[in-house]
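Try each task before you read its solution.

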Amino acid sequence: MKTKNSTFTVFLFLVVIFLAACTPKFNDLNREVNFNSGWKFIKADIANAHEISFDETGWRDIVLPHDWSIEDLASKEGVKTIGPFSEESVGAGSTGHVVGGTAWYRKYFVLDKADEGKIISILFDGVYMDADVWINEHHLGNHPYGCTAFSYDLTSYLNPVGENNVIAVQVKNEGKNSRWYSGSGIYRNVSLIKTNPVHIELWGNFITTPDVSNDKATVAIETKMANASEQDVEVEISVTILDPQGSIVGESEKDLAIVSGSTGIVAQQISVDVPNLWSLGSPTLYTAVIEVEEGEKLIDQEKIKFGIRSTEFSPEKGFLLNGESVLLKGACLHHDNGPLGSATFRTAEYRRVRTMKENGFNAIRVSHNPPSKVFLDACDEIGMLVMDESFDQWQRPKNPKDYNRFFDEWWERDMESMLLRDRNHPSIIIWSIGNEIGERADSSGLEIAKLLKGKILELDKTRPVTQAICHFWDQPGREWDDTAPAFAQMDVHGYNYRYDEYEPDHEKYPERIIIGTESFPKEAFENWQMVEKYPYVIGDFVWTGMDYLGESGIGNSRPDNIEWGFLPPWPWYNAYCGDISILGYKKPQMFYRDVVWRNSKLEMLVHAPIPEGRKEIVSMWGWPEEWKSWNWEGNEGKPLQVSVYSRCNEVRLELNGKVIGSKVISEETPSVTQMQNPMQSREIAALTAKFEVPYSPGELVAIGINDGKEIVRQSLKTTGKPVALKIIAEQDQVKASSDCLAYFNIEVVDENGLLVPNAEIPVDFNIKGNCKLQAVANGNPADMKSFQWPAVKTFRGRCQIIIRSNEKGGEIEVSAKSEGLKTGVSIVKVI
């Protein structure tokens with residue numbers, strides 16, 4: 001006789017068997033293999049380093065991604081050198097005073113028995129720049145652009161299974177070729193791709209969602225096959241769509257005959273019932289499993305994540321995502337990761353996107369080049385919209401050695417690389433063909449724009465095309481209306497710093513869909529007001545969302561007795577124009593934007609004392625020198641300017657319980673002629689109440705009032721003296737992988753654990769575990785130092801250390817100490 005327990009056990013067993021039978025299983029062909037480890041590197045312009053027998057004595061062992069421009073330089077007699085910074089930098093302040101040069105990478109590898117008969121290719125996601133690649137002394141080719149992916153077929157030049165092969169890469173970042181920090185080297189991931197002779201081409205799958213509703217969606221999959229075998233073949237190409245839980249929600253299969261030495265394309269459509277749509281709040285990703293069978297044998301397979309979503313652009317409705325209006329809260333971002341340089345560590349790329357999202361941004365313009373694949377993966381997974389941009393120049397140079405030298409020969413291949421690699425990412429909603437192009441309104445530029453847009457439409461008809469167009473600061477005498485032919489070619493119309501032209505241009509060109517592709521931080525309200533007011537203005541992208549290296553000090557402020565050129569001199573190295581600091585913290589302009597975007601009801605900041613008799617000059621990309629601090633020792637009794645930003649009708653200010661005053665908040669701002677002097681000083685007037693407050697330690701309180709009732713309050717307290725260092729790990733655990741980083745944020749705190757916002761003290765670090773120091777930083781734009789030495793001076797009470805994991809696991813322990821303060825310790829598990 002069976003017991004109830006035994007019957008229930010049998011039932012559970014049957015359920016498990018049933019679920020196992022319903023769970024799809026796919027054989028993993030290990031098509032793409034990570035190729036980042038085991039490289040040798042030397043920073044030197046040497047001859048014959050591609051030869052198999054070349055002596056690698058003195059070469060360093062490295063794991064990619066790698067950027068040599070962020071590494072410390074050897075001292076040089078008579079030359080100012082600090083960490084990676086040198087006064088001999090060709091780019092000077094534009095590139096952050098770092099150096100490029102020529103360097104070599106080499107790697108040995110051996111093929112397995114399973115690789116016999118396979119086509120072996122190498123894929124570089126990005127090398128800056130002008131890279132030459134050899135395999136076993138055979139020159140595979142040159143790739144000049146530093147920001148597009150490229151691949152080479154190695155098969156014909158490889159040694160038999162079990163024997164060594166050597167790949168060599170020479171990278172040449174020479175001359176003045178960038179307007180910002182570019183980095184140098186193999187700074188993105190590298191893969192080895194192994195396929196059978198009959199295979200899916202690189203980036204050969206194109207997934208779109210032509211029909212989308214809440215009830216049903218159509219997924220279209222186009223697969224391009226290649227037959228490198230000596231026989232004609234017939235294959236079956238099957239597509240299986242999995243939901244995020246791994247369940248099958250749709251299937252299709254088709255046969256395709258491919259002649260030897262040719263390619264073929266098969267198109268399939270699959271219906272998905274009640275789809276989970278990809279959106280900003282719920283970025284659901286499905287997986288398409290594309291399998292190729294010849295007879296009963298599986299010969300190729302790719303798994304591609306994609307989102308089901310619809311987009312629509314019109315001057316009447318603006319931008320719609322899945323039928324719902326979305327106002328683009330945009331940030332322009334360059335590709336560097338601050339103290340890490342341009343190396344595209346997965347952790348850093350995801351952190352950057354997450355930081356933008358957490359601060360209210362919902363769109364990123366990748367400026368002014370295609371980003372890493374990892375960055376786009378992060379945007380897909382986190383829910384961030386993207387404007388994917390191709391070039392900063394076409395035929396007309398901005399620097400003597402920039403991409404214009406290669407444009408005529410390479411533009412088409414580089415556009416294909418960007419489009420084919422990126423077009424399956426649901427986060428991308430707009431393609432951009434250029435930024436502030438010199439020949440934008442000339443006949444030559446109009447012809448080029450036509451060609452670029454034509455190439456995009458050849459490869460992807462699902463997204464609109466734009467370019468970022470500025471006024472003719474570079475061509476005095478030309479009028480804004482001269483831009484009309486360039487705008488006429490675009491689907492979406494990108495304006496750099498010209499919100500004052502939106503209304504008059506709409507009167508002339510009502511068909512235009514306007515987007516602010518760049519704007520000044522101090523004009524956040526004016527730009528956003530246009531977006532909220534007019535459906536034909538679909539968004540605003542500030543320059544920039546986050547601080548970056550290079551264009552050193554473009555966001556500076558200074559007393560009017562200091563004379564600088566367009567950029568401040570050495571030792572400035574950080575652009576300092578971001579809403580977010582290079583460490584990831586809000587800067588003053590971000591607090592203001594929080595109020596503009598209604599993410600905060602009130603924010604209060606205090607201006608640093610200005611020398612008597614002087615005025616402050618603030619760059620148009622900058623912000624007044626104000627901070628969330630009421631620590632102004634030495635200024636007792638002196639008046640300090642307090643700014644309160646709010647959408648409340650009225651704000652009241654109190655100091656130590658006594659009312660300082662009340663002011664009405666206005667949404668009006670004075671008219672300003674834009675860009676007459678980019679270093680002009682300008683008051684932030686809208687949503688602002690300013691008070692003069694004689695400094696006295698204690699608590700400063702701002703109160704927001706609507707209709708006589710308190711709505712919100714915020715306070716700044718004078719802290720005590722520094723007593724301890726506090727370390728906050730951004731994650732409790734990280735993966736045991738050299739691509740993973742652990743971020744530790746250090747704060748100087750008083751006896752009550754409050755951040756001391758004016759503390760600038762030296763900090764030394766001690767690191768334990770199977771790990772490596774990758775970077776230290778403090779966010780100070782003019783504090784040149786080594787990013788790779790375990791010591792730093794805090795800036796506004798904070799600093800940061802970044803540790804690189806490895807495959808060994810265990811723990812990472814970081815301690816931070818400073819004389820006279822309690823040492824801080826933090827531990828992160830490596831699993």
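Two exercises with worked solutions follow.

This is a predicted model, where local features need pLDDT of at least 70, side-chain atom pairs count only at pLDDT 80 or more, and totals for chains, interfaces and linings use all residues. Residues are numbered from 1 along each chain as its sequence is written, and side-chain values use heavy atoms, without hydrogens and water.

**Exercise 1.** Describe how helix α4 packs with helix α5.

Step 1. Find α4 at residues 404-422 and α5 at residues 443-459. Helices here are DSSP runs (H or I, at least four residues), numbered from the N terminus.

Step 2. Take the angle: about 30 degrees, with the axes 10 Å apart. Axes are lines fitted to C-alpha atoms over the stretch in contact, and angles run from 0 to 180 degrees between N-to-C directions.

Step 3. Classify it. α4 is therefore roughly parallel to α5 (angles under 35 degrees).

Step 4. The crossing of α4 and α5 is right-handed (the near helix is turned clockwise from the far one by less than a right angle).

Step 5. List the contact (heavy atoms within 4.5 Å). α4 brings Phe407, Trp411, Glu412, Met415, Glu416, Leu419 and Leu420, and α5 brings Ile448, Leu451, Leu452, Lys455, Ile456 and Leu459.

**Exercise 2.** Do likewise for helices α8 and α9.

Step 1. α8 spans residues 524-533 and α9 spans residues 588-596. Their angle is about 30 degrees and their axes lie 10 Å apart.

Step 2. That makes α8 roughly parallel to α9. Their crossing is right-handed.

Step 3. Ala524, Phe525 and Trp528 of α8 meet Tyr592, Arg593 and Val596 of α9.

Note on methods: Helix = DSSP H or I, 4+ residues; strand = E, 2+ residues; numbered from the N terminus. Parallel < 35°, antiparallel > 145°, perpendicular 65-115°, else oblique.
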